[in-house]
Structures are given as C-alpha cells and as structure tokens.
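Subject: Structure handover

Hello,

Here is the structure we talked about. Please have it open as you read; my notes follow below.

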Amino acid sequence: MATAHVAIPSAKELARSVDSVIDLSDTSPSDCGPLMQASGRRHTLCVRDGRAHAWGGSSLIDEGATFIAHLGTGEAWGDVVPAPRPMLFAQAAATRAMLVATGDLHSLVLCSDGRVYSCGAGWEGPLGHGDASCEPALKRIDGLADRRVVHIAAGGVHSLAVCSDGALYSWGW
C-alpha cells in the first residue's frame, strides 16, 4: 500500500469528488432509509440502522448463476438480489456501519470504530487482503488495523482510505 498525507475532506466534499460514494439522502429508496448510499455499475449499497445492505448483481454469469460476492451475502454465485439485504461479516464485528463505497465487483464498509471491511472479487487487489481471493462476506482489511479510517472510496478495481491523521492509502489497480 502507498501512503501520502492529505487534507481530510468533509463527507459532503468527498461525496461530490468521488463518483462511487454518493449521499442520496433526499432520493434514497424508502426501504433503505435516508442515510448513505453508494452505487456501482450493477449494485448498490446503503447503511440503515447501523447495518450495511446490498442489492443488485453483475454481468458475470456462469452456468446460469450471477457473480454476487460483492453483495456480501455469503455466496459468490447466485441470483440477482432485487432489494436491500443485510451484508454479512466474515468475522464478528460489534460495531456500526457508517459509510459504504462500491467498485465494479467489490464493496467497502467503514464502521464506527474506524475499521474497514471489504467483499467481492479480489482479482487485481481491490479488497486489500494481499491476495486475489474472492470474499463473499465482509472481511476486515488487516493492513489498516492499526489506523483509524475516517473516509473510504472505491473505483472500478481500486480502493482508497483516508485516516484520521490525513494519511491516504490506496490499493488495487
């Protein structure tokens, strides 16, 4: 991971400057609630009552099943998820989801304790776990365990985290 020091933007500034993190509090679906949403090409995440929710699918289809690991349902392949569904954590997480971000086939969740979790396609490194594994449930990014993350963002196959001291971490392509 590369490190740089940057000024920490406000949540509204970050949402305006990064197309994968969008605050849609005025236009969010009523079944998810008006907190925070992020939309990728074919999936959407939101935070409701301190829990991350996901829905959608992908363009990857194998033997009639759609790739859905980035939805954090615990399954790598299955049916498209048409409505918000709670995301699952691979490890116990006694904390609240605060912010979500989406890439093409991966998702990030920032929790209230400053820890970041990811799920989805690990090809090209966007999950931050040091390998190319597919993770069908949210897994903590251990490389950031000693940092307090305050903002996250994701692009096609890359991810970013801004820490409370202004350090910026990026990984993936």
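The chain exposes about 8100 Å², and carbon and sulfur atoms supply 51% of that area. Accessible areas come from the Shrake-Rupley method with a 1.4 Å probe, and for residues only the protein chains shown count as cover.

This is a predicted model: local features need pLDDT of at least 70, side-chain atom pairs count only at pLDDT 80 or more, and totals for chains, interfaces and linings use all residues. Residues are numbered from 1 along each chain as its sequence is written, and side-chain values use heavy atoms, with hydrogens and water left out.

Overall make-up

The chain has 173 residues, and 47% of them are buried. Buried means under 20% relative accessible area, exposed over 50%, and partly exposed in between (1.4 Å probe, protein chains only). The secondary structure comes to one helix and 15 strands. Helices (H or I, at least four residues) and strands (E, at least two) are DSSP runs, numbered from the N terminus. Take the contacts with a separation of 6 or more: 50% of them join residues 24 or more positions apart. A contact means heavy atoms within 4.5 Å.

Start with β3, residues 43-48. Five of its six residues are buried, so this strand is mostly covered. Strand β2 (residues 36-39) pairs with β3 in the antiparallel sense, over four bridges. Two strands pair if DSSP finds at least two bridges between them. Methionine 36 has valine 47 in β3 as its bridge partner. The hairpin from β2 to β3 runs through three residues.

Strand β4 (residues 51-56) is also joined to β3, by six bridges and antiparallel. Here cysteine 46 has histidine 53 in β4 as its bridge partner. The hairpin of β3 and β4 has two residues between the strands. In that hairpin, aspartate 49 takes a positive phi near 55 degrees.

Threonine 102

What does the side chain of threonine 102 reach? It reaches the backbone oxygen of serine 39, at 3.1 Å. Threonine 102 itself lies in strand β9 (residues 97-102). With a relative accessible area of 2%, threonine 102 is buried.

The β5-β6-β7 sheet

Three strands form an open sheet in the order β5-β6-β7, with antiparallel pairing. The edge strands are β5 (61-62) and β7 (77-78), each pairing on one side only. Two bridges join β5 to β6 (residues 65-67). Isoleucine 61 has threonine 66 in β6 as its bridge partner.

Nonpolar patch

Which residues make the nonpolar surface patch? They are Leu60, Trp77 and Trp123, and the patch covers about 280 Å². Patches are made of residues with over 30% relative accessible area and no salt bridge: like charges are joined within 9 Å, nonpolar side chains (Val, Leu, Ile, Met, Phe, Trp, Tyr) within 5 Å. Tryptophan 123 is in the loop between β11 (116-120) and β12 (135-140). At 41% relative accessibility, tryptophan 123 is partly exposed.

Salt bridges

The structure holds five salt bridges. A salt bridge is a side-chain nitrogen of Lys or Arg within 4 Å of a carboxyl oxygen of Asp or Glu.

- Glutamate 135 and lysine 139 meet at 3.7 Å, N to O. Glutamate 135 is buried at 14% relative accessible area, whereas lysine 139 is partly exposed at 24%.
- Aspartate 142 and arginine 140 meet at 3.0 Å, N to O. Aspartate 142 is partly exposed at 45%, and arginine 140 is partly exposed at 22%.
- Aspartate 165 and arginine 147 have their closest N and O atoms 2.5 Å apart. Aspartate 165 lies in the loop between β14 (158-163) and β15 (167-172), and arginine 147 in the loop between β12 and β13 (149-154), so the pair ties together parts that are 18 residues apart in sequence. Aspartate 165 is partly exposed at 44%, and arginine 147 is partly exposed at 22%.

Best wishes

How values were computed: Polar contact = N/O pair within 3.5 Å; in protein donor to acceptor, adjacent residues only side chain to side chain.
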